[in-house]
Amino acid sequence: PHDSVYSLASANLPSGEVITVATGTESVVLFTKDNGLTWSMLAGAGLELETPWEITYHSGLPATGGSGLFLIGTERGIWTWDPVADVVATLHTGLGVSDRHILDLESPLPGANGPVIALTVQGGVYLLSASNMTWQTVLNTGPVYARRGAVALTPNYDAASGAARKRDLYVTASGKLWMSRNGGANWTLHPSFNTTANSINDWMIAVIALSSDYATDGIAMLGRVRFDTAAASDHGEILRSGNGGTSFTQVRQLGSGIQSLICTPPGPTGVRSWMAAARAYPGTGSYAGTGVLVSSDTGFTWSDFGNDQDFLLEDNPGKLSGYEPLNFEQQLIAVADYGTRGAVMYGRQEGLFLSADEGRHWVQVQMRVEREFRDLDTSWTSDGYRAVFGAGYGVGTMLHVPLLNYVNELQIEPQMIYQRRLDVSPNFVQDGNVIAAGNVTLWCWQSDRVPNA
């Protein structure tokens, strides 16, 4: 079983603390304050009952803690988390009642006063400003085919400026690309991307990324994907613009569709790096010999520095476990203190990966909370105590006898630490049987404390 990660966001708080939040398998939102060494679960206001898709952080949104908000997009609306006050709340106001399945969210860089932009599966495009905290509809693209849609905005957005590229918005859905040069007041369909994709064989734009200095250099990139029936595989390409999106030129083709694309701020080396990752797991199938790509010359040339080898240890990549609609969701982010550490995180269906050297090389990061349990059942023991059994997802099957303050893992071979379901016999006092199902097999454990027949 993979500890899948679908979306990531990171914040550098005034205290100097860096918090990174991830959406993952089994409707879980986790956060870390130590670069992924340990994780805690985020819950409240019903968020724990939702299926999270996207997450972003906006430093300028009003919050009790005074340090902005994380926004978590789900299939039924948007939740916020104040990381200082540790308050979770809903933020649905302005979203259509039947238009709350969030596909993408994007915020400007910390310190910028731009809005949050959101795209729904139904094609609704919404903006949220700090001044009124209500979602405003600015565009509708129509239903997004195959969930291939994305949004972007000027990273150093200036709401009061009339200068070029200070208030640009980009929206893509079903292969088309819309642009606004005035903060969403007016939209133009790009002449080079004006054909609707209605088949997986058509080119679709899966991701948009703008330079962290976009207002000055005008660099924008698109990641595209299509399925090639003849090759029985998907293909991808990176398109680059150096004129604020007026025109695009292909700079790289790949044996798998581009699903993640970012531009970092200047790192420890002083360079803004572009990074790209594909749908296929690094080094597998039609993507063999290719890992996470990095460009240090504004996207003209790309190299993976041989980092496809960093991903070799993952067990059974591409197995597509977890929630099917999210199988191909993924994201690259520059961790909030990238300028000093050069740390990048890459989340995808197979797990979370961390680079400490501006994307050159990667290690996998443990995402599971070892205390997570998938199922519980109870019974009485033969000596009259209440026993609680738990199907652990990282610790095996646990037995807890509260009155005896007893906790232990059931000893059984072959060991199966990732479990899904558990059932205790209704006649446990007499037969002592427990059945558990998980990633290895279905097995039965029998207590050695049952009375003799």
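Biologist: Which residues does L293 touch, not counting residues up to four places away in sequence?
Modeller: This is a predicted model, in which local features need pLDDT of at least 70 and side-chain atom pairs count only at pLDDT 80 or more, while totals for chains, interfaces and linings use all residues. Residues are numbered from 1 along each chain as its sequence is written, and side-chain values use heavy atoms, with hydrogens and water left out. Contact here means heavy atoms within 4.5 Å. By that rule, L293 touches R252, L254, W274, M275, A276, W302, S303 and D304.

Biologist: Is L293 buried or exposed?
Modeller: L293 sits in strand 23; helices (H or I, at least four residues) and strands (E, at least two) are DSSP runs, numbered from the N terminus. Buried means under 20% relative accessible area and exposed over 50%, with partly exposed in between (1.4 Å probe, protein chains only). Because its relative accessibility is 1%, L293 counts as buried.

Biologist: How many Å apart in space are L293 and P191?
Modeller: Along the sequence, L293 and P191 are 102 residues apart. From C-alpha to C-alpha, the distance between L293 and P191 is 29 Å.

Biologist: In strand 18, what is the bridge partner of A209?
Modeller: Strand 17 is mostly covered, with seven of its seven residues buried. Strand 17 pairs with strand 18 (residues 220–228) in the antiparallel sense over six bridges. Across that pairing, the partner of A209 is M221.

Biologist: Which residue stands opposite T249 in strand 20?
Modeller: Strand 20 pairs with strand 19 (residues 233–241) over five bridges, in the antiparallel sense. Opposite T249 stands R240.

Biologist: Which residue in the turn of the hairpin formed by strand 7 and strand 8 has a positive phi?
Modeller: Strand 7 (residues 77–82) and strand 8 (residues 87–90) run antiparallel and are joined by four bridges, and W79 stands opposite T90 in strand 8. Four residues lie between the two strands of this hairpin. The turn residue with a positive phi, about 55°, is D86.

Biologist: How many disulfides does the structure hold?
Modeller: A disulfide is a pair of cysteine sulfur atoms within 2.5 Å. The disulfide count is zero.

Biologist: Which residue forms a salt bridge with R148?
Modeller: A salt bridge is a side-chain nitrogen of Lys or Arg within 4 Å of a carboxyl oxygen of Asp or Glu, and the count comes to nine. In this pair the closest N and O atoms are 3.1 Å apart. The pair links distant parts of the chain, 181 residues apart, with R148 in the loop between strand 12 (136–140) and strand 13 (149–153) and its partner in the loop between strand 23 (293–295) and strand 24 (331–334). Both residues are buried, and the partner of R148 is E329.

Biologist: How many Å apart are the closest N and O atoms of D168 and R181?
Modeller: D168 is buried, with a relative accessible area of 1%, whereas R181 is partly exposed at 41%. The closest N and O atoms of this salt bridge are apart by 2.7 Å.

Biologist: Which residues touch the most other members of the largest nonpolar core?
Modeller: A nonpolar core is a set of buried Ala, Val, Leu, Ile, Met, Phe, Trp, Tyr and Cys residues joined through side-chain atoms within 4.5 Å. Of the 19 residues in this one, those touching the most other members are I117, L119, L169 and V171.

Biologist: And which strand gives the largest share of this core?
Modeller: Strand 10 (116–120), strand 11 (124–128), strand 13 and strand 14 each supply at least two residues. The largest share, three residues, comes from strand 14.

Methods. Two strands pair if DSSP finds at least two bridges between them.
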